[in-house]
Amino acid sequence: MTRRGIYLLPSLFTLMGLFSGFYAVIAAVQGRYELAAWAILAAAIFDMMDGRVARLLNAETAFGAELDSLCDMVSFGLAPAVLVYLWALAPLQKFGWLAAFLITACAALRLARFNVQLASQDKRYFQGLPTPATALLIATAVLFHEQGAYEPIAWLWFAVSIALAWLMVSGVR
């Protein structure tokens, strides 16, 4: 019975990260960009904790790894894309949602590649920009920017979004 509890604890941290990512989407849609950014930061903290707790308790499972990737897709693929679209890219209309979609699509590709190459990959290096790093860059930029009275520059964020999407799927170590 205690083994079931040990496996449940890392999954609870993973689900708290998913909740944070989901809440980030809701907050962004409501125009509460700073709150959405904080929710993405919370998701990153839960993402760090779930893996550490699983390793600490020797409770790493294939189920936990798959659950983590699915939750990461929401928290670090969809949530930052929705946030950057509504916060900065919406004035570009179709170009804006294309850039935001590329963040989401490349996050999915990056997570799928990570899962497939998990056994054969050099553990000292990541291949491509990790999805949490992309999400954290967007979230911290929103937090930094929301403290000032300046509007985000849509075309600059278009370029940043394309660059982040490319870096996620690139072979850069």
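Modeller: Let's start inside this predicted model. The largest cavity has a lining made up of T14, G17, L18, A43, F46, D47, D50, D68, C71, D72, S75 and F76.

Colleague: Which elements give two or more residues to that lining?

Modeller: Helices α1, α2 and α3 do. The largest share, five residues, is from α3.

Colleague: How do the residues around the largest cavity divide by type?

Modeller: You get five nonpolar, three polar and four charged residues in that lining.

Colleague: OK, what about pockets? How much space lies in the largest pocket?

Modeller: A pocket is open, while a cavity is a place the probe cannot get out of. Here the largest pocket holds about 860 Å³ of space. Its lining has 30 residues, and the ones nearest the pocket's centre are D50, G51, R55, D68 and F114. D50 and D68 also turn up in the lining of the largest cavity.

Colleague: Which helices supply at least two residues each to the pocket lining?

Modeller: α1 (2-29), α2, α3 (62-89), α4 and α5. By type, the pocket lining splits into 14 nonpolar, eight polar and eight charged residues.

Colleague: Next, helix packing. How are two packed helices described?

Modeller: You quote the angle between their axes and the distance between the axes. For helix α4 (residues 94-116) and helix α5 (residues 131-146), the axes come within 10 Å and cross at roughly 155°. Angles over 145 degrees count as roughly antiparallel, so that's how α4 and α5 run relative to each other.

Colleague: Which residues make the contact?

Modeller: On α4 they are I103, A107, R110 and L111, and on α5 they are T131, T134 and I138. Sorted by type, the contact residues of this pair are four nonpolar, two polar and one charged.

Colleague: Last one: how does the reach of helix α2 compare with the span expected for it?

Modeller: Take the C-alpha atoms at its two ends. Helix α2 (residues 33-56) has 24 residues and reaches 35 Å from first C-alpha to last, close to the 34 Å expected at 1.5 Å a residue.

Colleague: And what is the phi of N58, which follows α2?

Modeller: The phi of N58 is positive, near 55°.

Technical notes: Residues numbered from 1 in each chain as written. Predicted model: local features only at pLDDT ≥ 70, side-chain atom pairs only at ≥ 80, totals over all residues. Heavy atoms only, no water. Axes fitted to C-alpha atoms, helices over the stretch in contact; angles between N-to-C directions. Helix = DSSP H or I, 4+ residues; strand = E, 2+ residues; numbered from the N terminus. Parallel < 35°, antiparallel > 145°, perpendicular 65-115°, else oblique. Contact = heavy atoms within 4.5 Å. Nonpolar A, V, L, I, M, F, W, Y, C, P; charged D, E, K, R; others polar. Expected span 1.5 Å × (residues − 1). 1 Å grid on protein atoms, 1.4 Å probe; cavity = no way out; pocket = protein on both sides within 12 Å on 5 of 7 lines; lining within 4 Å. Points joined across faces, edges and corners; volume = space filled by probe spheres on them.
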